[in-house]
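This report is written for a reader who is meeting the structure for the first time. Please keep the sequence and the model at hand while reading.

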Amino acid sequence: MNLYQKIFKEYWNPYIAISIAGLVSALYFGITGTVWAVTGEFTRLGGHILQWFGVDVSQWAYFKLVGIEGTPLTRTDGWIVIGMLVGALITILLSNSFKIRVPKQKRRLVQGFIGGIIAGFGARLALGCNLAAFFTGVPQFSFHSWIFMLTTAIGTYFGVKVVNTKWWLGKPNLRKGSVNPVVSEQSQKSKIQPILGLLFACVYTGIVIYFFTAGKPLLAVACIAGALFGILIERGQICFTSAFRDLWISGRAVMSKALAVGMMISVVVTFFYIQNGSIAIIKIAAPSTVIGGLLFGFGIVLAGGCETGMMYRAMEGQLLFWVVGAGNIIGATVLAYGWDHLGIYHALAENWPKVNLMELWGPAGALFGTIAMLIVWFLLSSWWEKRFRYGTGIKHKKNEQLAHLTKEA
């Protein structure tokens, strides 16, 4: 019972959760040759929706780049997304914490939708979100990931400036609440949710076994990895938005430092695989990376969550993040259209190089150089936290703004 309490009733230490995620991410790359990513699949889903309405997207340059063959059920990326949602849902049900939540301020739905569109557009402009262009991109030794990380941080800074304005916050929507807690509803929920969680876990395990027996081991591995990622992001409350946003609002740097540690682990294991023949996935370092990172960072603050944060919060029953997800798909699909139809590729991405740090610095230089940069990031985050959070202190006004944001989230 204590173990159950520890696993499902308490959130995990983010250092542990993100370190395991970094390890699983690297192992997934070593086994499948692909990386932990989600927005590419969001873009394909947008393409499928257009196809349902009779739009032929097969000749769009962006879909030729990311591929749209098959369905989410026949692609490893599809099962990564499905697995993340299912894994998060299973742990939420087992922890008995699922609850439909609607923002008290309806404007938050509109704001989240707009933020989702901007984030989705920016992520695909940079050829990846906080996962493919950041958490799994740095261990691939792709230089574009560092550009994306820096510009995402800058974008979140400007996002915080916007969400702290009075016109964005709006007037508080106060409602009269019940004096007595609703005990009967909680009691009934506690009997149903863990059972549903076990049921989902059994069905999902059956799907994994089916893929193995049907000779589709990569889909089975994607199922397992996706579910593990879903469990880890929910139990560790892993959100890249908070990793950056909290630095500007409260000075809190726990998530930022935990991400640096998780990526160090992923870098070492990924390096081993690349040295043994796996092909690193390198993306172009271009103006599209810079603008994409800025838009992505700006958008995730407006939306209230990045791709990982959005997915587990949606599974917790927060309606806002389903709206953010819809906006994300629309933004990614708009970018796919504009890539060739509006000349985005020619203006921002054409002829820019793919910079592989392994080729630039040599294997040892890339390994130790990347780890050194992650250590610098960790130390800078720690310095910022001591200076801002524990140094000069947080002004009363900022505390009020943080409380408002937290309440709305």
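The sections below go from the chain as a whole to its helices, ring pairs, charged pairs and surface.

## The chain as a whole

The model described here is a predicted one, and its secondary structure comes to 20 helices and 0 strands. The chain has 409 residues, of which buried residues make up 53%. When contacts with a separation of 6 or more are considered, residues 24 or more positions apart account for 82% of them.

Helix α6 covers residues 107–125, and because its 19 residues at 1.5 Å each should span 27 Å, the 27 Å between its end C-alpha atoms agrees with expectation. The buried residues of α6 include several glycines, namely Gly112, Gly115, Gly116, Gly120 and Gly122, and also the arginines Arg108 and Arg124. After α6 comes Leu127, whose phi is positive, near 65 degrees.

Helix α14 can be checked in the same manner: its 17 residues should span 24 Å at 1.5 Å a residue, and its end C-alpha atoms are 24 Å apart, which agrees. Among the buried residues of α14 are Ser288, Thr289, Gly292, Gly293 and Phe296, together with Ile300, Val301 and Leu302. The helix is followed by Gly304, which has a positive phi near 95 degrees.

## Aromatic pairs

The structure holds 21 aromatic pairs. One of them is formed by Trp36 and Phe229, which are stacked, with 3.8 Å from centre to centre and 5 degrees between the planes. Trp36 lies in the loop between α2 (14–32) and α3 (39–52), whereas Phe229 belongs to helix α11 (residues 217–235), so this pair ties together parts that are 193 residues apart in sequence. Trp36 counts as buried because its relative accessibility is 2%, and Phe229, at 0% relative accessibility, counts as buried too.

A second pair, that of Tyr62 and Trp339, is edge-to-face, with 5.1 Å between the centres and 80 degrees between the planes. This pair also links distant parts of the chain, since Tyr62 is in helix α4 (residues 61–66) and Trp339 is in helix α16 (residues 319–341), 277 residues apart. Both Tyr62 and Trp339 are buried.

## An aromatic cluster and a neighbouring threonine

Trp36 and Phe229 also belong to one aromatic cluster, whose other members are Phe134, Phe135, Phe240, Phe244 and Trp377. Trp36 is in turn touched by Thr136, which also touches Ser25, Val35 and Leu131 when residues up to four places away in sequence are not counted. Thr136 has its place in the loop between α7 (131–135) and α8, and it counts as buried because its relative accessibility is 3%.

## Salt bridges

Side chains of opposite charge can pair when their charged atoms come close. The structure holds 8 salt bridges, and in one of them the side chains of Glu41 and Arg75 meet at 2.6 Å, N to O. The pair links distant parts of the chain, with Glu41 in helix α3 and Arg75 in the loop between α4 and α5 (76–94), 34 residues apart. Glu41 and Arg75 are both buried.

## A nonpolar patch on the surface

On the surface, Leu150, Ile154, Tyr157, Phe158, Val290, Ile291 and Leu294 form a nonpolar patch, and together they have about 570 Å² of accessible area. The elements that give two or more residues to this patch are α8 (144–163) and α14 (287–303), and the largest share, 4 residues, comes from α8.

Leu294, one of the patch residues, is found in helix α14.

Terms used:
Residues numbered from 1 in each chain as written. Predicted model: local features only at pLDDT ≥ 70, side-chain atom pairs only at ≥ 80, totals over all residues. Heavy atoms only, no water. Phe/Tyr/Trp six-rings, centres within 6.5 Å; stacked < 30°, edge-to-face > 60°. Buried < 20%, exposed > 50% of the residue type's maximum accessible area, 1.4 Å probe, protein only. Patch = residues over 30% accessible without salt bridge, like charges linked within 9 Å, V, L, I, M, F, W, Y side chains within 5 Å. Areas by Shrake-Rupley, 256 points an atom, 1.4 Å probe, with all protein chains shown as cover. Salt bridge = Lys/Arg side-chain N within 4 Å of Asp/Glu carboxyl O. Contact = heavy atoms within 4.5 Å. Expected span 1.5 Å × (residues − 1).
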